[in-house]
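Visitor: I would like a close look at a single part of this model, taken slowly and with the cut-offs spelled out.

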Amino acid sequence: MLNTKTLKYGLVVVVTFAFLCFVFYTRKKTKQRWIVEKTISCAHWKKRVKEIESVHGKYKPIFLGNSLTEMFDIQGYFNDTTILNCGIVGDFTEGLLKRSDAIISLKPNKLFIEIGINDMIEKISLEEICDNYEKLLIKIKQHSPQTKIYIQSNLPVIINRPSLLTTDADVNKLVVEQNKNLQILAKKYNCTYIDIFSELIKEKDKPSLFIWDGIHLTPKAYEIWTVVVKPYLISDR
């Protein structure tokens, strides 16, 4: 039978472990909030939002997303000056939701959304990502019902920076799971899901698709992205 001293020691261990878990979770959430708030309050984010808010009427298809979209020379690759690039470097799903009014006011006929990789790299839960994404879809559907929404898959990464917390295998596993979630959301809200991920991972020389950080894309990757999306731009499907 365990004596009182052993029971007290065991209780101390359990309480200490629970406390450390709480501290770790709290610090992680604080870090996540700090990064999100820093992004959506930075000068570049605000500047891009003002640029988008100042746009008027001539743009019909819109590409909405983070740096992967902002760095995409959309008008050049698609040879179409009526496409508006509304990507912002470093953006999160929360950022897209916060600036959605500016997008809705443009009443695009087609909206191509790409978002989520920054959330996943910063270990924001897929539940929170999907919640933000769903709120965005609902808002667009309510206030711009004529807009046809295209949900683009999240893309693979080959992160090569040293990290004990984030590896490309960890992130890619989340990307695959989240892409399944996006397909469910697309079906639920009558949107079109576009699978760019599968086309990129077919490439045998995967490093050729990424610049030095293993996240952002080379022209080769953007060419693949263009080929996948182009049929949706020129048709009603």
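Which exposed residues does the face of helix 9 turned away from its buried side carry?

Guide: Residues are numbered from 1 along each chain as its sequence is written, and side-chain values use heavy atoms, with hydrogens and water left out. This is a predicted model, in which local features need pLDDT of at least 70 and side-chain atom pairs count only at pLDDT 80 or more, while totals for chains, interfaces and linings use all residues.

The face turned away from the buried side of helix 9 carries the exposed residues Lys173, Lys180, Ile184, Lys187 and Lys188, where exposed means over 50% relative accessible area, buried under 20%, and partly exposed in between (1.4 Å probe, protein chains only). Helices (H or I, at least four residues) and strands (E, at least two) are DSSP runs numbered from the N terminus. Helix 9 itself, residues 168–188, has 21 residues and reaches 30 Å from its first C-alpha to its last, close to the 30 Å expected at 1.5 Å a residue, that expectation being 1.5 Å times one less than the number of residues.

The buried residues of helix 9 are Val171, Asn172, Val175, Gln178, Asn179, Leu182, Leu185 and Ala186. They cover an arc of only 125° around the axis, which puts them on the same side of helix 9; the arc is that of the directions from the helix axis to the C-beta atoms. These buried residues pack against helix 7 (117–121), helix 8 (126–143), strand 4 (148–152), strand 5 (192–194) and helix 10 (197–201), with contact meaning heavy atoms within 4.5 Å. Just after helix 9, Asn190 takes a positive phi of about 55°.
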